[in-house]
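Please read the following account with the sequence and the three-dimensional view open beside it. The text moves from one chain as a whole to its parts, and then to the place where two chains touch.

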Amino acid sequence: MPPLLQVAGISKRFGGLVAVRDLSLEMARGEVLGLIGPNGAGKTTAFNLLSGFLTPDRGEVRFDGHPLAGLKPHAICGLGLARTFQIVRPFPHLSVLDNVRVGALGRRPQMAEAREKARAVIDRVGLGAKTDHAAAGLTLADRKRLELARALATEPTLLLLDEVMAGLNPTETAAIVGLIQRINEDGVSILLIEHNMRAVMTLSHRIAVLNFGEKIVEGPPAAVANHPRVIEAYLGEEYVHAPAC
Amino acid sequence: MKWLAAAALVVLLLLPAVLNSYVVTVFIFIFFYAFLGQAWNIVGGYAGQLSAGHAAFVGIGAYTSAVLSVQAGLTPWIGMLVGGLLSAVLGTVVGYLGFRFGLRGFYFVLLTVAFAEVCRIVALNTDAVGGALGYYITFTGNTWQFQFQDNRVYYYVALGLMLIATGIVAAIERRRFGAYLIAIREDESACEALGVNTFRYKMLAMIVSSFLTGVGGTFYAFYLFSLQPGAVFGIPLSVEIIIRPIVGGAGTVMGPILGSFILSPLAEVSRIYFGQGGWAGAHLIAYGLLLIAVVLFLPQGAYPALRRLWARAAR
């Protein structure tokens, strides 16, 4: 069986800026891979390249053995690779239920069946009490849950989560961490962009660090956190040899 | 709600027995524009792709069935389907260009207007269809040729068209197709991320919409018996098509009907009164004012506002 996700040397250039340079990644089934890096490191661009919203200039992405070259986002989603957006984009005038149902309809074309699936997913992410609320009126924390619920409703095998914890308070963050863990325990692999270090260290089996579009380090969370190149990327060179305070 | 609709239908079926021919004509236009508005509603209201060139489809449908009837004796009952199909072909071309190359908002509006204008200019310069003089159908009163002595037959045909289109829209709304169109209107990229082939569904909406509008062209041709390129392909007709669903509530099943019941009589009354006073064209001012009022006070249209009132009254 091929690895779930194989990224082989993808690059993306916007004019003079190389947003992602020669990025290679591999993910096993059931794995949680954290993708971290300072702002502007190319994490979201990498997500867009994987999910079909951008086309790599070079390199290849294979999902479950399928090459993704030339596939539109909806087709990639159909293969089982779903994503959330960093800046959440709910359908504002639709209810939570109708929002999530759009995701469910892909695999369950009957409206009633899709509605059942949507309800189950909504309960799962803890939005059950707000099923009939309009998405526009939700708090940020609930919108993040909604974003997650919609992606889950497409029944993915790999879920790309782009900063689902940004802007949440510690209690909300802890709840989402628990939720993501449970989703992973059900067999969904997760690729996670996250700035919240505690969350990403808790969740990830492995972590890859991007800086200026390049992967600089990859490994288990503890090793990555103390790696000199990571400290350099985040804090600057002078902190690499500074005594711990 | 169901009972209300059933009662309204019975009233509409019985009305011609008591109305004079002029009022019947007013109703015919209410139904006909509600039908066109309903057809536009699929792509413009539900999918949120603002076509401002739907007159092109009316014109193609009208010219097709008229020419086939006059030149080849083909019954417009079949000609209306041929006209619908040709309109759907044009709809496919416009949709493909617009959706494949990602024209959104105003750019899509411009594209659709441009195609309608091209159609108008082609018709204007094609002598085989009468050019600038227009194309005329001689009235024979032959039912097989979609010509009726009795105005009330047109009433029932127009009512039937409106009900069929409304049934189609209601069916779309209840299915995945409709749910996807609404989601596309809300946020296209989010739809793609959720596995929705937005291109395919926008194309489907455009094709169904242009087909239905093309079918309406036949009614136009065989009710008025004369086709003028400026009237049948012109921007004013496109505006007439759009404005009813917008006033009534775009993206709702009842919106185009409600909008037509508000606007068509208003157009008729203001045309008569302003026309007699030597103020021909002033009805457009009334339209403009009404549109401003709707955008300001009922941005979702009259039907959603009415529903809210209804819900409040029921409580």
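This is a predicted model: local features need pLDDT of at least 70, side-chain atom pairs count only at pLDDT 80 or more; totals for chains, interfaces and linings use all residues.

Residues are numbered from 1 along each chain as its sequence is written, and chains are lettered from A and ligands numbered from 1 in the order in which they are written.

**Chain A as a whole**

Chain A has nine helices and 10 strands, where helices (H or I, at least four residues) and strands (E, at least two) are DSSP runs numbered from the N terminus. Its C-alpha atoms fill a box of roughly 60 × 45 × 35 Å along the principal axes. For 245 residues a compact globule would have a radius of gyration near 18 Å, and the 18 Å of chain A agrees with that; the radius is taken over C-alpha atoms, and the globule rule is 2.2 Å times the number of residues to the power 0.38.

**Strands of chain A**

| Strands | Sense | Bridges | Bridge partners |
|---|---|---|---|
| β4(A) and β5(A) | antiparallel | two | A:Arg62 and A:Pro67 |
| β3(A) and β9(A) | parallel | four | A:Leu35 and A:Ala208 |
| β9(A) and β10(A) | antiparallel | five | A:Val209 and A:Val217 |

β9(A) and β10(A) also form a hairpin with two residues between them, and A:Phe212 in the turn has a positive phi of about 45 degrees.

In chain A, the axes of α3 (residues 96-104) and α4 (residues 111-124) come within 8 Å and cross at roughly 115 degrees; axes are lines fitted to C-alpha atoms, for helices over the stretch in contact, and angles run from 0 to 180 degrees between N-to-C directions. The two helices are therefore roughly perpendicular, a term for angles of 65 to 115 degrees, whereas those under 35 count as roughly parallel, those over 145 as roughly antiparallel and the rest as oblique. Residues of α3(A), including A:Val96 and A:Leu97, meet residues of α4(A), including A:Ala114 and A:Ile122, contact being defined by C-beta atoms, placed from the backbone, that lie within 7 Å.

In chain B, the axes of α7(B) and helix α9 (residues 198-224) come within 10 Å and cross at roughly 110 degrees, which makes α7(B) roughly perpendicular to α9(B). Among the residues that meet are B:Phe177 and B:Tyr180 in α7(B), and B:Tyr201 and B:Leu204 in α9(B).

**Where chains A and B touch**

The contact between the chains takes 18 residues from chain B and 21 residues from chain A. On the side of chain B that touches chain A, α7 (176-186) and α8 (188-193) of chain B each supply at least two residues, and the largest share, six residues, comes from α7(B).

Definitions and conventions
Two residues are in contact if their C-beta atoms, placed from the backbone, lie within 7 Å. Two strands pair if DSSP finds at least two bridges between them.
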